[in-house]
Amino acid sequence: TLDKDAVESSLNLTHQARELLNVTPGPDFHDHLDLTEILKTLRPQGARLDPAELRQVWLEALCSTRALAFFEPLTESFPQLCAIANDLRDFSPLIEILERTLGPDGEILDTASSHLARLRMELTSARGALTLKLNKLMHSKEFESILMDDIVTTRNERFVVPVRASASGKSRGLVHDWSKSGVTAYLEPVETVEDNNRLAFLKRQERQEIERILLKISDICRESAPDFQIAGEAMTRLDLIMAKARLARIWRCSIPHLQTSGGIKLLGARHPILERRLKDGGRKIVPLDIIINPQKPITVLSGVNTGGKTVALKTLGLIVLMTLAGLPAPVGDGSEIELPRDIFTVMGDGQDLASDLSTFSGHVLALSEILQAAGNGVLIIIDELGAGTDPSEGAALGLAVLEQLKSTGAMVVAATHFHLIKSWATLTDEVVSVAVNSSHQGQPVYGLSYGSPGFSGGLSMARRLGLPSMLVDRAESFLDEGQKKAMELLKRLDQERVSLNIERESLEKSRLSFEQNEIQRQKEQRALEESYNKKASELNQQIRSALANNRREFESLKQTINQAVSQGRKPDLMSLSLKRADLDRDLVVAMPSEVETAAGENLQFAGQGDAVFLKRFGCEGQVKHCNVEKNEYTVEVGSLTVKVGLEELLKPLGKKPKRQGGLVTVTTSEQEYSLSLNLLGKTVDEAQGVIDKEIDRAILAGRDHITIIHGLGTGRLRQGVLNHLKGHSMVKKFGSPTNVPGGAGVTEVELWT
């Protein structure tokens, strides 16, 4: 476990990593390797790495360089993570050397050195000349009669031809091997001995050059060994932090508030393994509120069998241990944890045949150790306290243990079925009695209720699980009157507690429903106001723009007339009149007009699913629900849902051009004539679809270029845009301007027109 400062540091780093995952996929550490053994191999001077080991070095170098580039632009947003990432190294020069030297399967490439490339060219030429000579020899009269097969093969790295064994000793060359049957001899003709020698010499030179290259690269890796050590440790730490953040996302964890005193308050605690198992079975887990008050440090848990007592204890222990390990925990907001210095648990059967321990003796030994270690800052979790012996003696022993632990200041959570301990917990001020929830029929429903004991209901459980009723009735007859009355009282208390819980839950649901309705109403009101303000702002802007343009044009007309008059010329009144008519028409188009409706504009009836036109918004919507008697119609307009009366609804409009003086003015969307396409905030897939549509619109409008704003960010969106433009058939060329604001965050595209 970690101390409080270390736990807080670990949790803060994990929280920052989780925030990072909300905006990026996170750094890629898949190629991160442990190079400890490889770096040990390199320590002696003259030692070299083989190609497989060099490939591992290459992967580690790639991983560090890639991670460093990932974190460099994030320094201000994620300072703690980037402080760790400062230990990463840029191995670009080494990566370039290794990529030039090694192939994907570890082979040494021709590009490793010019000498190696030249040797391999000579080898290829010599090998080709040798095989050509052997083919000619095989088809000569001297060899044609003794050949076993018309092929050239190799033996002992020398090129040979297969001949009859009986003809191999006639001074035709050197025999390097025989077939298993002894019928075929593999002969190196005298004419090709020098060629084979030349080939062998070139191969030896090739091996020597490869050895020289490997030694040289190994020396470079030896010089970089300290950097690999530092970068490797940083990548391991960052990889662990990101793994914790991903786990926290999967388990929907949060970070509890850490405190030096104040007990433990876990709200909405969940056991992640149990939650996954229930989810696989199509069920949902019931979150628990587990509270340990420092003024009442002893908590006694009781209730029906299979009701979740052990689950509650294990959830508490697991969450505290996860927090001590610096991991976010599966709890809700508002949770608080006093970090214990020690945790002790007594859970399960403690018997051990090897140590000659029975269930009870193992239980007692564990309790003895706990009593010796108990004190402030210790968390003790005990399941079935006093189990394994006579119930009356076990209850008495358990009560004595709890009394002793109460005086030590330790935080204790113990589960029991003993009435004696449950009664003591209910009547003792420094102790909290907690019951696991159950239904009216005594069935477990999980969850915890504080302030009263739980009814064990073992006989009722036996009856539900199928034990014969007659047998259960007989068992109940063995109980004395005191036990029966105590059980009946506990059962009645449990039923009353269940009823109160149901009423409380019903009131809570009503309260939440009212709050949600109020929030929705306020949200709809804000949406209406925003819609009105937006439309008003757009109309005002259009009018201001049209008026400003008209003022400029009218001023120009005025100057033209004055200039003509001052020069003694007669103004061209016809052209001026046409120009003014154009300006008047533009101003009329900019002004908001009355809503044009189809014939029979008012609706007499509207049903669910009908398309309608809303007077208030000046746009179309669809009826989702209608109440004719109350004159209430719920209409969906985009992402907004509103309630209106029938008088607010019109027949849906068709989009018709406005005709003025024989001219047709068609209103198009602003985006169709925008000078730039803003992709900020979009994913790569979304951006590609938007780019295709913009290119189509530009071509239809006769434009030969568009400007795309994608920003820099992590570079993923920019690279996705460039890759998409490379394969587009209508793109002539593209690039980032040097004299335009935005630089590399902007791409100008020239289109084929």
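**Reading the strands, cores and loops of a predicted model**

Q: What makes β10 and β11 count as paired strands, and in which sense do they run, parallel or antiparallel?
A: In this predicted model, strand β10 (residues 342-346) is joined to β11 by five bridges, and the two strands run parallel. Pairing requires at least two bridges between two strands, and with five bridges β10 and β11 therefore qualify as a pair. Within this pairing, V346 stands opposite I382 in β11.

Q: Why is β11 called largely enclosed by the rest of the structure?
A: Five of the five residues in β11 (residues 378-382) are buried, so the strand is described as largely enclosed by the rest of the structure. The burial concerns both faces, with V378, I380 and I382 on one side and L379 and I381 on the other. In a regular strand the side chains alternate between the two faces of the sheet.

Q: Why is T101 called buried, and where is T101 found?
A: T101 is found in helix α5. Its relative accessibility is 2%, and since buried means under 20% relative accessible area, T101 counts as buried. Leaving out residues up to four places away in sequence, T101 touches E107, I108, L109, A112, I213 and I217.

Q: What makes R252, N631 and D50 partly exposed rather than buried or exposed?
A: Partly exposed covers the range between the buried limit of 20% and the exposed limit of 50%. R252 has a relative accessible area of 46% and is therefore partly exposed; N631, at 31%, is partly exposed, and D50, at 31%, is partly exposed as well. R252 lies in the loop between α9 and β5 (257-259), N631 in the loop between β16 (619-627) and β17 (632-637), and D50 in the loop between α2 and α3. R252 has a positive phi of about 55° although it is not a glycine, and N631, also a residue other than glycine, has a positive phi near 55°.

Q: How many residues does the largest nonpolar core have, and which of them have the most contacts inside it?
A: The largest nonpolar core has 48 residues, and F71, L81 and L88 are those with the most contacts inside it. Among the helices that each supply at least two residues of this core are α1 (4-23), α3 (51-71), α8 (193-223) and α9 (225-250). Apart from this core lies another, of 30 residues, including L288, I290, L339 and L448. For L88, the contacts beyond its neighbours within four places in sequence include A67, L68, F71 and M235. In soluble globular proteins, nonpolar side chains tend to be buried together.

Q: How many cavities of 30 Å³ or more are there, and what lines the largest cavity?
A: The count comes to one cavity of 30 Å³ or more, and the largest cavity has a volume of about 70 Å³. Its lining includes I290, T299, L301, V413, L448 and Y450. The elements that give two or more residues to this lining are β8 (298-302), α11 (309-324) and β14 (444-450), and α11 gives the most, with three residues.

Q: What makes β3 and β4 a pair, and where does G173 stand?
A: Strand β3 (residues 173-178) and strand β4 (residues 184-189) are joined by five bridges in the antiparallel sense, which meets the requirement of at least two. G173 stands opposite P189 in β4. Five residues lie between the strands of this hairpin, where G182 takes a positive phi near 80°.

Notes:
Residues are numbered from 1 along each chain as its sequence is written. Side-chain values use heavy atoms; hydrogens and water are left out. A nonpolar core is a set of buried Ala, Val, Leu, Ile, Met, Phe, Trp, Tyr and Cys residues joined through side-chain atoms within 4.5 Å. Buried means under 20% relative accessible area, exposed over 50%, partly exposed in between (1.4 Å probe, protein chains only). Helices (H or I, at least four residues) and strands (E, at least two) are DSSP runs, numbered from the N terminus. Contact means heavy atoms within 4.5 Å. On a 1 Å grid over the protein atoms alone, a cavity is a set of points where a 1.4 Å probe fits but cannot get out, and a pocket is an open set with protein on both sides within 12 Å along at least five of seven lines; lining residues have an atom within 4 Å of a point. Grid points are joined across faces, edges and corners, and a volume is the space filled by probe spheres set on the points.
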